[in-house]
Amino acid sequence: MTQNCITTYPAVLQGLHEFYESLQEEGILFCYSGPTNQGLVEGIGDILRQRMAVEEAGTSEVHGLFAIFIEQMQNILHYSAETTPQTTDQYFDEMRHGVVVVGREREAMRRFFVICGNYIEKSKGQVLAEKINAMRSMNKDELKALYKEMRRQDPTTEDSKGAGLGFLEMARKASCPLDYCIANVSEELSFFSVKAVR
């Protein structure tokens, strides 16, 4: 392929076509990376609904995928270790950073999937892995029973905002066990990624 580019940042501009093609090949319908707050989640949710309409997704698929999307975005909002201060006239808050990808498998089943990722404190990686590994071995009835049991309990840790419930909800809505990856990137941080297929 030949290119004729006039640009100050040639690497980004020249690589955009390759990036676009890779998204097409992987079935990526939507991707967002950056700071996130509740308002952005709502806006992204509106875009996702429109994108699902273009894909002619059924009502059940849309509801299930949207529930997974919300849980994954809540995970970023509550637990990402990468933050940016946000100040308005009324209050001071933080925007937390992460990436979310929504796609559709290219194979015959054409299932939808949601992947999200964000930095976490390295010390929390093992706890997350143990929670998800336990869920991966459960069937739907066991997941439902555990979900009901956890809803009756108070949060067990000071910084808990229901992460266990969020992962359980994703596992219940997904058509197969959650996949995840925890990559250690420094002495203090890991990058946590989770994929749910609807």
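Mentor: Let's start with Arg-49, which is partly exposed because its relative accessibility is 44% (under 20% relative accessible area is buried, over 50% is exposed, and partly exposed is in between, with a 1.4 Å probe and protein chains only). Keep in mind that this is a predicted model, where local features need pLDDT of at least 70, side-chain atom pairs count only at pLDDT 80 or more, and totals for chains, interfaces and linings use all residues. Residues are numbered from 1 along each chain as its sequence is written, and side-chain values use heavy atoms, with hydrogens and water left out.

Arg-49 has a partner, Asp-46, and the two form a salt bridge with their closest N and O atoms 3.5 Å apart (a side-chain nitrogen of Lys or Arg within 4 Å of a carboxyl oxygen of Asp or Glu). Asp-46 is partly exposed too, at 42% relative accessible area. Both residues belong to helix α2, residues 38-54, and they sit 3 residues apart, about one turn of the helix. Helices here are DSSP runs of H or I with at least four residues, strands are runs of E with at least two, and both are numbered from the N terminus.

Now for α2 as a whole. This helix has 17 residues and reaches 25 Å from its first C-alpha to its last, close to the 24 Å expected (1.5 Å times one less than its number of residues). Its buried residues are Val-41, Ile-44, Gly-45, Leu-48 and Met-52. These cover an arc of only 115° around the axis, so they fall on the same side of α2; the arc is taken from the directions from the helix axis to the C-beta atoms. On the other side of α2 you'll find Gln-50, Ala-53 and Val-54, which are exposed.

Take a look at what happens at the ends. Asn-37 caps the N-terminal end, with a side-chain oxygen 3.2 Å from the backbone nitrogen of Gly-39. After α2 comes Glu-56, which has a positive phi, near 55°.

Next, the links to other places. Arg-51, Glu-55, Arg-104 and Arg-110 are joined in a network of salt bridges. Another of them pairs Glu-105 with Arg-111, at 2.9 Å between the closest N and O atoms, and Glu-105 counts as buried because its relative accessibility is 10%. In yet another, the side chains of Asp-179 and Arg-136 meet at 3.1 Å, N to O. That pair links distant parts of the chain, with Asp-179 in strand β5 (residues 179-184) and Arg-136 in helix α4 (residues 125-136), 43 residues apart. Asp-179 is partly exposed at 38%, and Arg-136 is partly exposed at 36%.

Finally, the wider setting. The protein chain has 6 helices and 6 strands, in the order α-β-α-α-β-β-β-α-α-α-β-β along the sequence. Of its 198 residues, 34% are buried. Among contacts with a separation of 6 or more, 64% come from residues 24 or more positions apart, where a contact means heavy atoms within 4.5 Å.

How values were computed:
Polar contact = N/O pair within 3.5 Å; in protein donor to acceptor, adjacent residues only side chain to side chain.
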